[in-house]
Amino acid sequence: MDPPPTCPNCPERLLWKDTRETGPGKEDSWFWFCSGCHQAYVPTPDQKLRFTYAA
């Protein structure tokens, strides 16, 4: 599995896949979150494909 991307504002930190708003019957609308600067980032279309169903 690929590692997550790093934060644009905190290059030493990996982004977390925030799935709080996902679940059964909901649209898959996860986003990246940085625990350092507390910013959320929308994943690129490529990241959506690679990380949505990653094993």
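**Entry 1: F51 and the aromatic rings**

I began with F51, which is buried at a relative accessible area of 6%. The model I examined is predicted. I then looked up aromatic pairs and found that the structure holds two. In one of them, the ring centres of W30 and W32 lie 4.9 Å apart with the planes at 85°, so I recorded this pair as edge-to-face. The other joins W32 and F51, also edge-to-face, with 5.2 Å from centre to centre and 80° between the planes. Since W32 belongs to strand β2 (residues 31–33) and F51 to helix α1, the W32–F51 pair ties together parts that are 19 residues apart in sequence.

I noted that W30, W32 and F51 make up one aromatic cluster. W30 and W32 are both buried; for W32 the relative accessible area is 2%. I also checked the face of W30 and found K17 lying over it, at 4.8 Å from the ring centre.

**Entry 2: the nonpolar core**

Which residues form the largest nonpolar core? I listed eight: C7, C10, L15, W30, W32, C34, Y41 and F51.

**Entry 3: the cysteines**

I searched for disulfides and found zero in the structure.

C10 counts as buried because its relative accessibility is 11%, whereas C37 is partly exposed at 24%. Apart from neighbours within four places in sequence, C10 is in contact with C34, G36 and C37.

I located Q47 in helix α1 (residues 45–52). Is Q47 buried or exposed? I recorded it as buried, because its relative accessibility is 14%. Leaving out residues up to four places away in sequence, Q47 touches P5, W30, W32 and T52.

From there I turned to P5, which lies in the segment before β1 (16–18). P5 counts as partly exposed, at 21% relative accessibility; the limit for buried is under 20%. With residues up to four places away in sequence again set aside, P5 touches R13, L14, L15, W32 and Q47. Finally, I checked P5 against K17: they are twelve residues apart in sequence, and their C-alpha atoms are 9.9 Å apart in space.

Conventions: Residues are numbered from 1 along each chain as its sequence is written. This is a predicted model: local features need pLDDT of at least 70, side-chain atom pairs count only at pLDDT 80 or more; totals for chains, interfaces and linings use all residues. Side-chain values use heavy atoms; hydrogens and water are left out. Helices (H or I, at least four residues) and strands (E, at least two) are DSSP runs, numbered from the N terminus. Buried means under 20% relative accessible area, exposed over 50%, partly exposed in between (1.4 Å probe, protein chains only). Contact means heavy atoms within 4.5 Å. A nonpolar core is a set of buried Ala, Val, Leu, Ile, Met, Phe, Trp, Tyr and Cys residues joined through side-chain atoms within 4.5 Å. A disulfide is a pair of cysteine sulfur atoms within 2.5 Å. Rings of Phe, Tyr and Trp (its six-membered ring) pair if their centres lie within 6.5 Å; planes under 30 degrees apart count as stacked, over 60 as edge-to-face and the rest as tilted. A charge sits over a ring if NZ of Lys or CZ of Arg is within 6 Å of the ring centre and within 35 degrees of the ring normal.
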